[in-house]
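Biologist: Could you take me through a few local features of this one? I would like to start with the strands and then move on.

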Amino acid sequence: MNFEVFRDAWGIPHLRAGDASALAYGQGYVTAADRGWQIEVERHRMLGTSAGPLGAGEAGWDAFARRARLADTARRCHDALDPDTRAWVAAYVEGINQGLRERGGQAPEFARTGTVPGRWEPWTPLGVWLSTHVLFAGFPGKLWRDEVVRRLGADAVELFATDGPGTLGSNGWLVDAARTADGGALIAGDPHRYIEDPGVYQQIRLACPEFDVVGLAVPGVPGIGHFGHAGGVAWAITNAMADYQDLYRERLRRTGDGGVEALGPDGWRPAHAHVEEGVEVVETERGVVVIGGPDEGEGVSLRQPARVFGNLGFATLPALLRARTVADVDRAFDGWAEPVNVVMAADTEGGTLHRVAGTVPLRDPENRVRVVPAWEERYAWRGVHDPLPRAEVDGVAVMANERSLAAPLGTEFAPPHRARRIAELLADRPVWAAGDMAVVHTDTELASARPLLGLVERLDDLSPAAARLRASLLNWDRRMAAGSVRAAAYARVRSAVVRRIAAHPSLADLTGLAPAYPEVFRPWLGLVPRVAYGLENLLTAARLPYEDRLTAVREAVEEVAGVPETTWGELHRLAAWQALPDPGAERPALDGDHDCVLSTSSVPGLTDLAARGPAARYVWDLARRDNSRWIVPHGASGIPGTPHHRDQLPLWLRGELAPVVTDFDRLTPTEEIPVTDVYERAVDGFGTFRLAPVDPSGADIDILHAWVSEERATFWGMTGLARDDVRDIYAHMATLDTHHAFLVRLDGVPVALFQTYEPEADRVSECYEVQDGDVGAHLLVGPPAGEAGARHGFTGALVDVLVSYALDGLGKKRIVVEPDARNAKAIALFARSGFELVGEIVLPEVDLPEVYLPEKRAQLALRTR
């Protein structure tokens with residue numbers, strides 16, 4: 001398989017190959033190199049083996065994955081693929097496996113978990129897609145609504161109906177050619193998903209003689225399914241909020257021969273049953289049993305289209321790459337399955353598209369609301385919805401998960417605020433250009449604040465502090481800006497109101513539901529999150545007496561009035577999900593809120609930290625593709641410490657987008673970026689430390705020569721050397737595979753020389769017993785880097801960063817240092833930094849043509865992971 005890899009300034013891969021098969025192979029290879037750890041986590045999650053690398057906390061998900069038969073469903077769907085699509089997916093998998101063998105293991109997480117990359121099967125990408133989206137439509141919400149109906153009555157369901165924390169949405173909008181500056185349609189938006197590190201979307205370009213597409217791919221899945229620009233046509237999607245998965249209440253029993261039976265409309269019927277890794281897997285004629293089982297005599301089964309029809313819509317993916325017009329995109333999405341999406345598309349001929357795509361079964365309306373009895377015929381599936389809804393584009397079109405195009409297909413939709421606000425913003429300008437779209441992407445107006453502020457306005461008899469807070473809230477511009485004190489005050493009042501409403505006696509029957517269900521479903525069953533996202537309804541509905549609502553707001557205002565002021569950004573910070581959590585991970589301040597166009601979602605009443613938000617932003621320009629723009633929350637690389645791991649984060653936080661480069665002459669032909677090329681880490685109170693290899697031919701040598709010539713560097717043994725001598729030393733080191741030298745910069749200012757070496761290739765190996773996973777290190781701290789470098793704790797922070805690089809970035813188990821025995825300051829520094837002082841050693845003299853090292857008495861010290 002021959003393919004070329006080019007990179008732009010952000011490290012985004014642009015692939016070029018002679019045919020679609022070689023290109024699919026290249027996409028797999030690059031994904032394994034850039035995102036090896038990430039895609040291996042997804043493979044384990046699909047198989048139900050994620051507790052192995054990630055720990056016992058994943059056992060609940062693993063049990064669900066096995067009970068839901070995700071891997072088996074993926075196999076079924078793969079076997080049903082047409083031969084061309086199957087061969088295309090196989091090429092991608094072949095590239096994945098080759099990339100994992102050659103480059104995938106460079107991610108430090110493999111060393112941290114003691115694991116190695118595994119082998120992908122031909123059907124694995126389908127399993128990754130299914131695993132990623134099996135909870136996407138929020139079927140566990142039916143468990144919640146079932147409890148609400150049983151405990152409060154059917155009319156109470158609407159109190160909590162909203163796009164809550166367990167459901168994922170997006171913004172998208174299309175401006176047709178008549179409303180744009182360059183005469184071509186614009187498509188823009190941002191998918192709202194859990195913000196993960198690495199990100200859930202992979203910026204990529206795929207070019208061969210048949211097609212040339214830029215877009216956002218899902219790591220581990222070939223092609224560009226959600227957001228793409230093929231030059232002549234572009235497309236984007238949002239979650240339609242359709243309901244296409246059902247839950248059935250099953251009656252189960254064991255038979256005398258060891259089998260299992262389930263009660264259906266035709267009486268007791270045999271069910272499939274087997275055991276996997278200690279988990280009993282049961283499947284009835286409705287679906288897989290995900291709650292309960294034969295020993296309990298009852299359970300709940302999940303029925304979903306992929307399992308019933310053996311189709312995940314993967315034939316759509318290569319068809320989209322080959323699309324030239326809106327009609328091509330439309331035909332491609334005719335074969336789509338799940339998740340069910342709203343699709344927008346436009347082409348250079350003036351064509352537009354706005355439709356729902358996916359598989360939605362026809363069945364009783366009650367199926368969409370709650371768990372239904374398996375033994376009643378009325379709840380059986382009776383085909384699928386065909387055709388699905390579509391609409392004409394009249395100047396502009398907006399999709400934001402609201403109850404509109406897909407209304408006949410779902411139950412819970414997002415509030416209308418985001419869609420209305422986007423439409424308002426688009427109406428404000430007669431003509432739009434790609435660069436203007438940041439105005440929409442970053443809008444922070446919070447329309448959903450109206451009901452709560454309306455009750456605040458009615459308050460009287462407040463304490464002086466609460467009265468001042470009331471006046472401040474009523475003068476607030478209702479924008480959730482990170483720097484706003486009033487936005488923070490509103491959020492605090494809102495959280496206090498949520499907690500009080502959740503404690504109201506009329507809702508008492510809904511407390512404590514979550515522990516009765518498997519852990520994986522519990523996010524949908526917590527009362528406080530449900531109150532938080534249904535607060536608008538709860539503050540206006542008659543179920544809660546008006547005086548009780550007003551009292552809750554009054555008490556909340558009085559509570560918050562006694563709390564010191566802060567800004568929204570101090571409370572509302574990004575808490576990105578990581579498979580291996582990093583306690584020291586940066587949590588930057590965020591603009592926006594759940595119902596803003598800039599939808600950064602926390603859970604009021606529980607936390608102001610945001611786990612959800614724009615997992616990417618894009619603007620597709622149909623007039624000139626190179627005017628298009630995109631951004632992801634972190635970067636193109638999934639490998640900590642590499643240059644492009646988090647380099648897009650500052651832009652993403654500011655609402656800026658990076659340019660889409662389409663000219664191959666402006667790109668750099670490159671191999672995949674080695675892990676050891678660079679490492680960076682931000683440290684609160686100091687700034688960003690960055691390691692880069694010493695350049696023997698550049699200005700680095702001038703810096704190092706100045707440092708090693710100082711009296712304080714006498715222990716390095718290079719005082720008195722000429723500049724060219726220092727250059728020769730580091731030029732020789734650059735040729736070695738066992739020794740590496742890095743210049744450490746703090747916010748761009750050189751602050752230290754850091755060297756690593758393999759102990760078995762060094763004279764230190766004669767003085768202690770080298771173990772697998774050892775790495776040696778030398779450190780020379782340069783002059784303080786201005787104010788930050790002179791600050792107390794600077795050297796400790798520096799050593800902490802270097803230890804992190806050696807143990808996490810390189811995946812080593814133990815660091816070995818051997819400062820000169822007379823260097824009391826260095827020995828004390830290492831001791832403070834957690835190194836164990838083992839004892840003094842004598843390093844023998846080394847006299848080689850390339851280097852001379854005199855005998856040295858040193859203090860051996862070790863730092864173990």
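Predicted model: local features only at pLDDT ≥ 70, side-chain atom pairs only at ≥ 80, totals over all residues.

Biologist: In what sense do strand 5 and strand 6 run, and how many bridges join them?

Modeller: They run antiparallel, and seven bridges join strand 5 (residues 202-208) to strand 6.

Biologist: Which other strand pairs with strand 6?

Modeller: Strand 7 (residues 227-229) pairs with strand 6, also in the antiparallel sense, over three bridges. Within strand 7, Gly-228 stands opposite Gly-215.

Biologist: Is strand 6 largely enclosed or open?

Modeller: Strand 6 (residues 211-217) is largely enclosed by the rest of the structure, because six of its seven residues are buried.

Biologist: Let us turn to helix 15. Which of its residues are buried?

Modeller: In helix 15 (residues 464-474), the buried residues are Ala-466, Leu-469 and Leu-473. Viewed down the helix axis, they fall within an arc of 55°, so they line one face of helix 15. As a general point, an α-helix has 3.6 residues a turn, so residues three or four places apart point the same way.

Biologist: What covers those buried residues of helix 15?

Modeller: The cover includes helix 14 (450-457), helix 16 (485-502) and helix 19 (546-561).

Biologist: And what does the face turned away from the buried side carry?

Modeller: That face of helix 15 carries the exposed residues Pro-464 and Arg-468.

Biologist: A new topic: where is Arg-368 found?

Modeller: Arg-368 lies in the loop between strand 16 (352-357) and strand 17.

Biologist: Which residues does Arg-368 touch, leaving aside those up to four places away in sequence?

Modeller: Arg-368 touches Lys-142, Arg-145, Asp-243, Arg-363, Pro-408, Leu-409, Gly-410 and Thr-411.

Biologist: How far apart are Arg-368 and Phe-139 in space and in sequence?

Modeller: Their C-alpha atoms are 8.9 Å apart, while the two residues are 229 residues apart in sequence.

Biologist: Finally, the surface. Which residues form a nonpolar patch there?

Modeller: Val-308, Phe-309 and Val-384 form one, and together they have about 220 Å² of accessible area.

Biologist: Where is Val-384 found?

Modeller: Val-384 is in the loop between strand 17 (372-373) and strand 18 (396-399).

Biologist: Why does Val-384 count as partly exposed?

Modeller: Its relative accessibility is 34%. Partly exposed covers the range between the buried class, under 20%, and the exposed class, over 50%, so Val-384 belongs there.

Methods. Residues numbered from 1 in each chain as written. Heavy atoms only, no water. Patch = residues over 30% accessible without salt bridge, like charges linked within 9 Å, V, L, I, M, F, W, Y side chains within 5 Å. Areas by Shrake-Rupley, 256 points an atom, 1.4 Å probe, with all protein chains shown as cover. Salt bridge = Lys/Arg side-chain N within 4 Å of Asp/Glu carboxyl O. Helix = DSSP H or I, 4+ residues; strand = E, 2+ residues; numbered from the N terminus. Buried < 20%, exposed > 50% of the residue type's maximum accessible area, 1.4 Å probe, protein only. Pairing = 2+ DSSP bridges. Arc of directions from axis to C-beta. Contact = heavy atoms within 4.5 Å.
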